[in-house]
Amino acid sequence: MDGNQAPPLLETRHLTKSFRGRKIVDDLNIRVMKGDVYGFLGRNGQGKTTTIRMMTGLIFPDSGDILVKGISLRKDFKRAIAHIGAIVEMPAFHDYLTGYENLALMANLAPGVTKSRIREVLDIVGLGGRARDKVKTYSLGMKQRLGIANALLHEPELIILDEPTNGLDPQGMKEIKELILQLASEKDITFFISSHLLHEMQQLCNRIGIIQNGRLLMEGDVRELTGAAGDISLEQLYFELTRS
Amino acid sequence: MMNLLGNELYKLFKTRKLYVFAAIMIIVLVLNLFRYVPGDPMVVWTFKHGQSVPLNTLDLLTQFMIIFIPILLGDSVTNEYRRGTLKLPLLRPVHRSELLGAKLAAMLVFIVIMAAFYVAAAYAVGTYYLGWGDGTEYAGRVFSTAEGIRLTLAAVALLLFPYAVYGLFVTAIAVLAGNMSLTIISALVIMTIALNLNAVEAVAPWSLAYQAAYYHEAFISDPDWNLALQRTGVLALYAVILALFSFRMFRKKEILY
């Protein structure tokens with residue numbers, strides 16, 4: 001790496017994880033640079049969620065490390081995780097509390113997050129009008145948006161989303177995609193998004209990594225890989241790579 | 001840590017648990033006292049007046065705690081893990097030991113609130129059915145009202161210690177268990193077995209169930225300081241072992257939901 005170049009915003013180094021003797025993530029090396037909307041692609045069961053759980057400290061790698069802005073998650077968890085907002089799997093909230101109350105609890109754990117910031121993020125995701133309703137009355141799409149609001153709360157530089165459009169209807173998927181693009185361009189937020197929806201990812205991401213059987217098959221710039229004019233679709237590329 | 005505790009208490013007061021438990025306490029007290037006749041040979045209690053009720057019915061408080069604490073911790077630890085809400089604070093700059101510490105501190109607050117409510121409810125329900133009376137009866141003696149209230153408060157304050165250690169025991173189960181029912185059932189089954197072993201002299205001093213029922217008796221009325229020290233030592237030993245185990249397991253726990 002060039003001495004003057006900033007370190008990747010998120011980097012995994014030789015990340016490995018096994019469950020019951022089976023390698024789920026195998027020597028994974030990923031680099032996400034500031035400003036990326038990075039698509040982490042792979043079929044179900046290939047190790048995407050396990051990788052994200054490790055990136056957020058929910059589970060622990062057998063070996064390897066995760067660096068956030070050059071800070072080791074293992075050695076300095078608090079400083080590293082402060083740069084990250086995340087939704088891991090389905091967004092889960094206390095359903096007997098309102099959307100606002102849920103965010104207020106989380107705001108207590110992030111220094112400097114004010115009540116006006118809570119209202120601001122609820123407005124950003126379009127939940128301002130439902131903030132005082134209990135979460136048990138929310139649709140899945142609304143919970144997903146509340147999850148994004150929660151991830152945005154402490155103004156992180158990186159947001160990690162695990163299958164953010166899973167279970168959503170076409171309108172919900174469109175809204176989430178638009179929200180991600182808006183946040184990436186207007187708020188300068190870097191995204192790391194796992195998905196198995198290749199067409200969606202081609203529209204959303206500037207860089208991708210493809211994972212199969214826990215190993216990174218390839219990583220690169222979407223426009224370079226598919227041709228500037230979109231000569232080849234991500235879907236075609238994916239099936240060629242995974243077939244071989 | 002204080003913010004985490006604030007969050008845990010906010011959730012505790014927002015759920016209906018606290019109020020349902022309080023209502024259950026009142027109902028059970030009423031059911032026990034509305035037909036109670038002092039001197040009835042079929043009843044183990046012998047007190048005659050309302051001011052004696054809290055001190056002489058602490059076994060009821062212990063039974064409530066044995067049931068309520070697993071429900072509380074099964075929800076705040078195991079159920080939150082299962083429902084995926086445990087990961088919400090863990091995705092913030094929060095160490096796991098801080099989170100578990102906050103949950104344990106909230107449990108202590110819960111125990112204090114429940115115990116205080118029980119004393120108040122037992123005085124109120126007892127006085128309603130039996131009248132206030134001239135003195136507090138306990139262990140075959142009659143104490144002045146002021147002394148009776150002091151003894152009652154001291155006994156309840158002392159029992160907070162075994163209840164807290166029992167909470168640590170349930171926490172150890174809750175951290176390991178995969179669902180809330182397993183936490184509650186395991187804790188209740190083990191405590192029920194332990195309560196039935198209280199009659200076995202060799203086992204009783206080491207039994208958490210025995211301590212939860214009789215810990216205070218070594219201190220109040222006619223103190224036996226050797227026995228008090230022995231009981232405190234046993235509980236302290238359990239507290240240290242269970243706390244170390246729970247924190248270690250929670251730090252290593254893989255959050256899969």
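## Two helices of chain B

Helix 4 of chain B makes a right-handed crossing with helix 7 of chain B; a crossing is right-handed if the near helix is turned clockwise from the far one by less than a right angle, and left-handed if anticlockwise. Helices (H or I, at least four residues) and strands (E, at least two) are DSSP runs, numbered from the N terminus. The model is predicted: local features need pLDDT of at least 70, side-chain atom pairs count only at pLDDT 80 or more, and totals for chains, interfaces and linings use all residues. Residues are numbered from 1 along each chain as its sequence is written, while chains are lettered from A and ligands numbered from 1 in the order in which they are written.

Two packed helices are described by the angle between their axes and the distance between the axes. For helix 4 (residues 58-83) and helix 7 (residues 145-176) of chain B, the angle is about 35° and the axes are 9 Å apart. Axes are lines fitted to C-alpha atoms, for helices over the stretch in contact, and angles run from 0 to 180 degrees between N-to-C directions. Residues in this contact include Leu58(B) and Met65(B) of helix 4 and Ala155(B) and Leu159(B) of helix 7; two residues are in contact if their C-beta atoms, placed from the backbone, lie within 7 Å.

## A hairpin in chain B

Strand 1 (residues 135-138) and strand 2 (residues 141-144) of chain B pair in the antiparallel sense over 4 bridges; pairing requires that DSSP finds at least two bridges between the strands. Thr136(B) has Phe143(B) in strand 2 as its bridge partner. The two strands of chain B form a hairpin with 2 residues between them, and Ala139(B) in the turn has a positive phi of about 55°.

## Chain A

Chain A contains 9 helices and 10 strands. Its radius of gyration is 18 Å, close to the 18 Å that the globule rule gives for 244 residues, so chain A is as compact as a globular protein of that length. The radius is taken over C-alpha atoms, and the rule is 2.2 Å times the number of residues to the power 0.38.

Phe19(A) lies in strand 1 (residues 10-19) of chain A.

## Contact between the chains

The contact takes 22 residues from chain A and 22 residues from chain B. On the side of chain A, helix 2 (77-81) and helix 3 (99-107) are the elements that give two or more residues.
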